[in-house]
Amino acid sequence: MSFNFSKENLQKIEVLKSRYPSPQALSLPCLWMVQYQEGYISLDAIDEISRVIGTPSMEIYRVATFYTMFHLEPQKKLNVQVCKTLSCKLCGSDEILEHLEGKDVNIVHVECLGSCGTAPVMQIDDVNYENLTPDKVDEVLKELK
Ligand code: FES
C-alpha cells in the first residue's frame, strides 16, 4: 500500500524545511504528520518521508522505532502508555497497571511523561491523564470507547 502526504501536510513540510537545521531533524514532525493522517506509520510512509526530506529511510525508521508513541501497525485497541518512572511508581502506577491488565487495551510501559507532579500518569493519543486511580482509569476508558 502506497502512502502520500496530504496537500496540507506537504505545505507544512515545505515551511518546516526552512526552520529546521537539517533534513534529519524533520523526521519527527513528519512522523507525527503521518500518524495523524493515517493512524499509524507504514514502511511506505517512511519511504515517502525519506523521499520528501532527503534522508535515508533507515534513519527515519530508527527514529520511528525509538519512540514508543509512534505506531508502526494499525491500532486495533486503545494504546495506553503508563509511566513507570519513580514518581509514578511511588504514587501507585503498579496499581494502575494491574487494573489495566484486565481491560481490552494495549498497555505500553513508558518512561517519564513529564507530569511527575500529578502522578500516576497515563497517556492516550497524546493526552495525559493524571492523578489516576482505578476508578478514574475506568472513567477515561469509558469516555474514549
Ligand atoms: S515520573 Fe511519571 S510522569 Fe514523571
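Colleague: Which residues line the largest pocket?

Modeller: The largest pocket is lined by W32, F66, Y67, T68, M69, Q81, V110, E111, L113, Q123 and D126. This is a predicted model, in which local features need pLDDT of at least 70 and side-chain atom pairs count only at pLDDT 80 or more, while totals for chains, interfaces and linings use all residues. Residues are numbered from 1 along each chain as its sequence is written, and side-chain values use heavy atoms, with hydrogens and water left out.

Colleague: How is a pocket to be read, and what volume does the largest pocket have?

Modeller: The search uses a 1 Å grid over the protein atoms alone; a pocket is an open set of points with protein on both sides within 12 Å along at least five of seven lines, and a lining residue has an atom within 4 Å of a point. Grid points are joined across faces, edges and corners, and a volume is the space filled by probe spheres set on the points. In this structure the largest pocket has a volume of about 190 Å³.

Colleague: How do the lining residues of the largest pocket divide by class?

Modeller: Ala, Val, Leu, Ile, Met, Phe, Trp, Tyr, Cys and Pro count as nonpolar, Asp, Glu, Lys and Arg as charged, and the others, Gly among them, as polar. By that scheme, the lining of the largest pocket holds 6 nonpolar, 3 polar and 2 charged residues.

Colleague: Where is the cis peptide bond?

Modeller: The bond from A119 to P120 is cis, with omega near -5 degrees. P120 is in the loop between β2 (105-110) and β3 (122-124).

Colleague: How does a cavity differ from a pocket, and how many are counted here?

Modeller: A cavity is a set of points where a 1.4 Å probe fits but cannot get out, whereas a pocket is open. The count is 1 cavity of 30 Å³ or more, and the volume of the largest cavity is about 30 Å³. Its lining consists of C83, T85, S87, C88, C112, L113 and C116, with 5 nonpolar, 2 polar and no charged residues. L113 also belongs to the lining of the largest pocket.

Colleague: How many salt bridges are there, and where are examples?

Modeller: A salt bridge is a side-chain nitrogen of Lys or Arg within 4 Å of a carboxyl oxygen of Asp or Glu. The structure has 6 salt bridges. Among them, K17 pairs with E14 at 3.1 Å, N to O; both lie in helix α1 (residues 7-17), 3 residues apart, about one turn of the helix. In E48 and R51, the closest N and O atoms are 2.8 Å apart, and both residues lie in helix α3 (residues 43-53), 3 residues apart. E48 counts as buried because its relative accessible area is 11%, whereas R51 is exposed at 58%. K89 is also bridged to D94, at 3.1 Å between the closest N and O atoms.

Colleague: What is the overall make-up of the protein chain?

Modeller: The protein chain has 7 helices and 4 strands, running α-α-α-α-β-α-α-β-β-β-α from the N terminus. Its C-alpha trace spans about 45 × 30 × 25 Å along the principal axes, and 39% of the 145 residues count as buried.

Note on methods:
Helix = DSSP H or I, 4+ residues; strand = E, 2+ residues; numbered from the N terminus. Buried < 20%, exposed > 50% of the residue type's maximum accessible area, 1.4 Å probe, protein only.
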